[in-house]
Structure formats: structure tokens, C-alpha cells
Amino acid sequence: MANADIFQIRTEEAPKLAAPISTSGVIGWMRQNLFSSIGNTVLTVIGILIAYSLIMPFIQFAIIDAVWTGDDRTACLAVEGAGHAGACWAYVIDYLPQFIYGRYPTEEIYRVNIVYALFVLLLVPLLMPSAPYKGINALLFLVVFPIISYFLLTGLEFGDTVVLPIVETARWGGLLVTLVIAVTGIVASLPLGIALALGRRSNMPIIKMVSVIFIEFWRGVPLITVLFMSSVMLPLFLPEGVTFDKLLRVLIGVTLFSAAYMAEVVRGGLQAIPKGQYEGAMALGLRFWQMMGLIILPQALKLVIPGIVNTFIGLFKDTTLVLIVGMFDLLGQIQSSFSDPNWSTPTQGHTGYLFAAIVFFIFCFGMSRYSIFMENKLHTGHKR
Amino acid sequence: MSIQEQDSAGAPARASLLNDPKARGLFYQATLIIALVAFGWFIVSNTVENLERQNIASGFGFLQNTAGFGIIQALVDYTETSSYGQAILVGFFNTLLVAVIGIFLATIIGFVVGIARLSNNWVISRLAYCYVELIRNVPLLLQIFFWYFAVLRAVPGKRDKWSFLFDTFHLNIAGLRGPQPIFEEGSGIIGWALVLAIVLAFAVARWSRKRQEATGQQFPVFLTGLGLIIGLPLIAYLIAGMPMHFNYPEFVETGPMLRRGFTLGSGFNLIPEFLALTLALSIYTAAFIAEIVRAGIQAVSHGQSEAAHALGLRNGPTLRLVIIPQAMRVIIPPLTSQYLNLTKNSSLAVAIAFPDLVSVGGTVLNQTGQAIEIIGIWMFVYLTLSLLTSAFMNWYNQRMALVER
């Protein structure tokens with residue numbers, strides 16, 4: 001009986017107490033991540049100051065002081081007279097068709113819109129891992145779509161019967177040229193890159209040597225010199241009377257250039273495939289192309305999807321360089337619009353560059369997010 | 001066994017030549033060679049024909065001709081009467097200058113941002129993240145345009161200036177002006193003192209490492225080295241009777257409007273094209289380097305730092321002796337390709353007319369029409385630079401690489 005006084009048996013659960021306020025919730029988080037020590041506090045304050053001094057002027061320029069509507073420069077100048085210099089978005093809105101289509105004839109713009117729509121319709125299901133019919137989709141996107149868009153964009157004429165009036169590539173511009181160069185570059189460089197990667201890993205010394213020289217040559221020179229070469233030197237290489245379209249010449253240069261980078265990406269994938277896969281395929285009696293096409297490449301290409309996307313991002317940004325050889329991509333179109341006296345204001349340049357930066361950022365950031373998403377999806381098996 | 005014997009005894013069961021891998025290999029390679037030769041012959045014959053028709057003499061003889069155009073920034077003597085060859089040399093040195101300074105700045109910014117991305121401080125790591133994502137996803141050419149047309153064109157005009165850092169550096173539309181050190185007679189001794197100090201610092205480091213390995217005693221190598229490298233030249237400077245002064249930029253603020261502005265030749269001047277190109281290149285490349293540094297540090301397993309802490313090493317030595325040497329192995333190969341990218345990207349100078357190799361070469365190309373020779377020079381120079389850089393970095397990488405059994 002005496003023991004009963006000593007032991008105390010609790011028959012119900014103790015009430016749950018909230019965690020101390022200093023280690024949980026917003027305050028705890030701030031203590032841990034922002035003010036854990038004196039040095040950390042100083043860093044936080046400096047960081048906030050830097051962020052504030054960068055973000056506030058930006059918001060002031062791009063949103064608060066910005067002019068959204070107007071027919072010409074007077075709208076933007078009037079506000080400037082008041083002492084504020086904000087972005088002149090009215091100018092961008094006025095020029096938007098040019099930035100998207102270049103100087104493509106207005107009555108033919110529907111053709112560009114069809115190409116854009118087809119592009120999105122075919123690309124989105126291709127990028128979604130859960131969407132069905134990947135094979136047909138890829139075939140449509142990589143083979144049928146380029147052919148259709150070629151005729152849609154350039155035009156189709158049989159002798160005298162005009163199905164679609166021909167639009168010279170000199171009239172293309174803006175986002176259209178940027179996308180045409182980037183997409184053609186990547187679609188055409190993929191097979192070439194795969195061939196070069198296989199050549200580089202070949203047992204045949206001459207094929208290996210030719211591939212290595214080709215890859216290292218294009219990777220060693222800047223894209224600018226390649227573009228100069230394709231616009232100045234290529235006409236010299238051709239027989240008299242044969243001329244290429246300027247856009248086509250640039251496309252050839254860009255394709256060869258990115259094929260070398262693509263080859264290195266694919267080679268990384270080929271090297272990551274265990275030797276047993278090659279040996280297994282050979283033991284089954286598969287020939288070289290059967291082995292590559294059925295066993296090795298499907299695995300290797302899947303591994304390097306993030307690398308391919310990264311190459312594409314690089315190529316997409318590099319398309320801006322074509323303005324140096326006198327073509328009008330998005331940046332070139334914006335740059336050339338600065339000479340329009342109707343919209344000439346001190347903030348015109350800033351606004352134009354900001355617009356270009358936003359467009360490129362949306363495209364590139366989206367692609368890099370996608371590449372990270374695919375990486376996480378594909379690497380589930382190897383993650384610990 | 002018996003089957004094999006039968007085979008070797010009777011007529012050898014040879015596969016048809018079509019299925020012999022060796023024969024097929026030879027056939028493919030021969031086809032490739034023939035195709036390449038035919039293609040090369042096609043191009044060469046066409047080119048020769050085209051050049052003849054356009055009356056362009058091929059060869060590098062034109063490099064001796066007088067250039068007749070000025071160059072706004074030249075590291076070697078150059079005037080309008082110099083030859084095309086000299087002009088291209090000037091361009092080459094400008095490319096090298098931009099590449100070296102760009103690599104230097106990009107490495108510093110990149111390492112700082114990369115380490116900041118791993119900071120425990122949320123604000124700092126977010127800031128670094130935003131820097132990386134914003135800069136990486138906007139084309140370099142756009143950034144060069146931004147710095148050149150939007151920032152460096154928005155500064156005061158020729159007759160005005162912005163001064164900063166206690167009135168020693170000035171910025172206006174003509175570029176950045178600052179004090180230029182002028183070395184007088186007898187200043188050579190300062191240079192020699194610096195060389196001596198560097199040699200001594202290395203010797204001290206070697207000695208202290210040996211002593212630490214033998215006895216375990218430590219020596220403040222870094223402070224001694226720093227003291228030597230700063231102290232010795234300073235002493236030499238004082239002993240030689242201070243044979244150096246600064247040529248400060250002179251700014252005329254009064255008088256007739258046309259006379260105002262900086263006096264010619266006072267202080268050094270960095271032209272805006274150079275500033276814009278170097279800034280854009282180093283900021284752009286730094287974003288990529290930051291990602292490389294972050295990945296490299298994260299690649300070192302957590303157990304390494306835990307083990308170092310368990311051994312009693314403090315945060316500093318852990319980072320210096322355990323984490324960084326291992327991270328460097330992961331960092332160096334991609335860092336090399338970033339350095340190469342920066343060098344190649346410096347060719348974008350042509351867009352803002354900074355006289356680098358491509359820009360000057362382009363001018364020569366327009367004047368002479370020697371497309372093949374000029375493009376050949378470009379490709380040769382960039383390929384050589386690429387191969388040299390990767391050879392050096394491979395050597396360095398081998399030194400740093402894990403020594404395995």
C-alpha cells in the first residue's frame with residue numbers, strides 16, 4: 001500500500017505543448033536562417049539593402065513610371081518632362097507585330113500563326129512524359145512539321161499557279177527568325193550529332209579521326225567566325241551561279257556548329273551505358289545499327305535529355321548573334337526599331353532591351369526548369 | 001572440339017567478304033576518304049575559280065599593305081600607316097587583354113556568388129540564386145548592348161563627369177579615367193624586390209611545410225608571405241627615393257565650353273567599349289562559374305566535413321584542407337570550358353566595335369576582300385588559344401586529380 005504513494009501512474013496523455021516560439025514558425029525560421037549570429041545578421045541587412053536598391057528602381061522604371069498607352073513618342077516624353085523616366089511600353093505594344101513577325105507581309109501573317117500554333121500543339125505533348133503516342137508525335141514534330149512549315153513560311157508556287165505567295169526570307173524577322181534558327185539548328189543537329197558521337201567512339205581509326213577533328217574544330221572557334229564564314233566564305237565554295245539564301249547559309253553554319261556540341265552531349269550518354277548492354281546486344285546477334293537503334297541509343301538519349309535541352313538553351317541565346325551578319329532576329333529587330341524617330345525617347349533603348357531580356361528569360365528559364373524536371377524524373381532509379 | 005577440327009581440316013568455313021567486319025571497316029573508311037577528298041576538291045576548285053573571276057589574289061601578301069584605318073585602343077604601337085598585319089596583331093592583343101581580365105574578374109565573382117548560394121543565410125543565398133538565373137538566361141549579346149548602349153551611354157557627356165572613390169576615378173561618355181602610375185628612373189628595383197618577395201614567399205611556404213611534416217609545428221605562412229610581397233617592394237620604393245608618381249587626370253571645368261573636359265593624356269583611360277565588353281563577359285561567365293563552384297562543393301560528401309570536425313579541425317581549416325581540395329577536382333574541368341567560352345565570346349566585341357581580333361579582322365576583310373585568309377587567321381588563333389588553355393588545364397587537372405592505385 002505504501003508503494004502507491006511513491007509511484008505515480010499517468011493514465012492519460014499529457015497535453016501537447018506547442019514548440020517554443022523561438023524555434024518554430026516565422027520567428028524560429030528567421031532566427032535560424034537570418035539572424036543566427038552577428039555576422040549573419042550583418043549579411044542579412046546588407047543583402048536586404050542590395051535587393052531593395054536593385055528591385056525598387058526596377059519596379060519604379062518598369063511599372064510605376066511606365067507609360068502603357070500612346071500613339072507616338074509624345075506620350076512617353078510628357079511623363080519624362082514631369083521628372084520621371086519610366087519604361088515606354090506603348091512603343092513595345094506598337095512594335096509588337098514587328099517583333100513577332102518581322103516585316104512579313106500583313107496579309108500573309110496567318111501562315112506564321114499556323115506555324116506557331118502547330119509548333120505549340122506538337123511540342124507540348126512531346127514534352128509531357130505522360131502523353132501517349134510519343135513515336136508518332138516525334139515523327140510529326142521532327143519530320144512532317146519542318147516540311148509543312150517550310151512551305152507555309154516560304155510559300156508554294158507551281159509555275160504560274162500560286163498556292164501560297166512566296167515571301168522572301170529577307171522579310172522574315174523578330175521572334176520568327178529566332179525560332180526558325182533555333183529549332184532548325186537543334187532538329188538538324190541532332191542526327192548529325194548522333195552520327196558524330198558514334199563516329200568518335202568507333203573502332204575504325206579514320207572515321208574516329210575525322211569525327212574528332214570535326215568536333216574539336218567547331219567547338220574551338222567562336223560562333224561569330226562561323227557565321228562570318230557561312231555568309232562570306234560559303235558563296236566562294238559553290239560553283240558559279242549557285243547561290244544560297246542568306247538565312248539558309250546561316251542555318252548551315254549554326255547546324256554544323258551545334259552538331260559538334262550535340263555530339264559531345266550524346267557521347268556523354270553513350271559512355272554512361274554499361275558495357276554489358278553492348279555485349280548483351282552483340283550476344284543476341286544484333287548488327288551495329290540494330291544494336292544502336294534498339295538498345296544503346298534509346299537509353300543513351302534518354303539519359304542526355306537535360307544536356308540536349310541545355311544545348312538548345314545555348315543555341316537559343318546564340319541566335320542573337322545573327323544580327324552581326326545583318327539578319328533581324330528578335331534582338332536585331334528591336335535594335336533596328338531604335339532608329340524610328342516616332343518613338344525616339346531617352347528610355348526607348350532601355351525599354352527595348354528590357355522587353356528582349358524578358359522574352360529571352362521566359363523562354364530560357366522555362367526550358368531550364370523543364371530540363372531540371374526531366375532530370376528528376378529520369379534519375380529516380382539512381383537516387384539514394 | 002571435334003567440330004573445330006573438322007573445320008580446320010576441311011575447307012575453312014569463311015564467311016563472305018561482305019560479312020567480315022575488317023573488310024567492311026576498310027570499305028567504309030575508304031568510302032569516307034574518297035567522299036572527303038572529292039568534297040574537298042569540289043570546294044577548292046570552285047574557290048579557285050571564283051577567286052580568279054573576282055580578281056582576288058590569294059595568299060597572305062596583303063598583310064604587308066598599309067591599313068589606313070585607326071584603332072581606338074592599341075597595346076602595341078599602331079598608326080594609320082601601319083600594315084594590315086600589325087592591325088590584326090593589335091586586335092589579337094586586345095582579345096587577349098579582354099580574355100585575361102574577364103577570366104580574372106569572372107573567377108572572383110563566380111566563386112563569391114557560388115559560395116553565397118550555399119550560404120545558410122536565406123537572403124544571401126536567394127540573392128545569389130536570382131543573380132545566376134537572371135544572368136544565365138539572358139543572351140550575352142543583349143547584356144553587352146545593355147552595358148554599352150543603356151548604361152555607358154547614359155553617363156555624363158565629354159564636358160562633365162561622375163567621380164567616385166574619393167575623386168580618383170571618373171566616368172563619362174569617353175570612358176573610365178583614373179590615376180596612372182608613372183615609373184621614373186631607378187624604379188626597376190621595385191620590380192626586382194617584388195620578384196624576390198614572391199620567391200621568398202614560396203621558399204618560406206616550402207620550409208614551413210617540411211617543418212610541419214617533421215615536427216608538427218605550424219608557421220603563419222600566409223601572413224608572412226603577404227608581408228613579404230607588400231613589404232619588400234615598399235622598402236625598395238622608399239630606399240630608391242620614391243621614384244614613382246601618379247599622373248592624375250586633369251579636368252578643365254572653367255573656360256570656353258569646347259575646352260572643358262579631360263586634358264588629353266592625363267591619367268589612364270579605359271574606353272567604354274572595353275568596359276562594356278569586360279563587364280558583360282565577366283558577369284555573364286561568373287553566373288556559370290557560380291553554378292560550377294556550387295556543384296563542386298556539394299559534390300564533396302557531407303561525411304568529409306563531419307570527419308574533419310571529428311578530428312578537431314575548425315571551420316576554416318576544414319574548408320581549406322578538406323573541402324576545397326576535393327571540390328577543385330570536380331570544379332576544374334568545367335571551369336576550363338567556361339574560360340574557353342569567355343575567350344570565344346570575347347569575339348562579340350564586333351557588335352560594339354571594340355577592336356578585338358574579329359572586329360579588326362572584319363574591317364580588313366571589308367577593305368581587302370581576303371575572306372579566306374582572314375577567316376583562316378581567326379580560326380587558327382581561336383583554335384590555338386583553345387588548345388593551349390585546355391592543355392594547361394589538363395596538366396593542372398592531372399596534378400589535382402585523385403591519385404588512385
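Analyst: Domain bounds come from an automatic or database domain assignment. Here chain B is divided into domain 1 (2-51), domain 2 (84-176 + 271-400) and domain 3 (180-247). Taken over C-alpha atoms, the centres of domain 1 of chain B and domain 2 of chain B are 47 Å apart. This is a predicted model: local features need pLDDT of at least 70, side-chain atom pairs count only at pLDDT 80 or more, and totals for chains, interfaces and linings use all residues. Residues are numbered from 1 along each chain as its sequence is written, while chains are lettered from A and ligands numbered from 1 in the order in which they are written.

User: How many helices and strands does chain A have?

Analyst: Helices (H or I, at least four residues) and strands (E, at least two) are DSSP runs, numbered from the N terminus. Chain A has 16 helices and 2 strands.

User: Which residues of chain A does UniProt list for "transmembrane region"?

Analyst: UniProt positions are given in the numbering used here, feature names are shortened, and annotations may be inferred rather than shown by experiment. The unreviewed UniProt entry lists several spans of chain A, among them 41-64 and 250-270. Residues 41-64 of chain A are 100% helix, with end C-alpha atoms 31 Å apart. Residues 250-270 of chain A are also 100% helix, and their end C-alpha atoms lie 30 Å apart.

User: What share of the residues in chain A is buried?

Analyst: A residue is buried if 20 or more other C-beta atoms, placed from the backbone, lie within 10 Å of its own. In chain A, 32% of the 384 residues are buried.

How values were computed: Buried ≥ 20, exposed ≤ 12 C-beta atoms within 10 Å, placed from the backbone.
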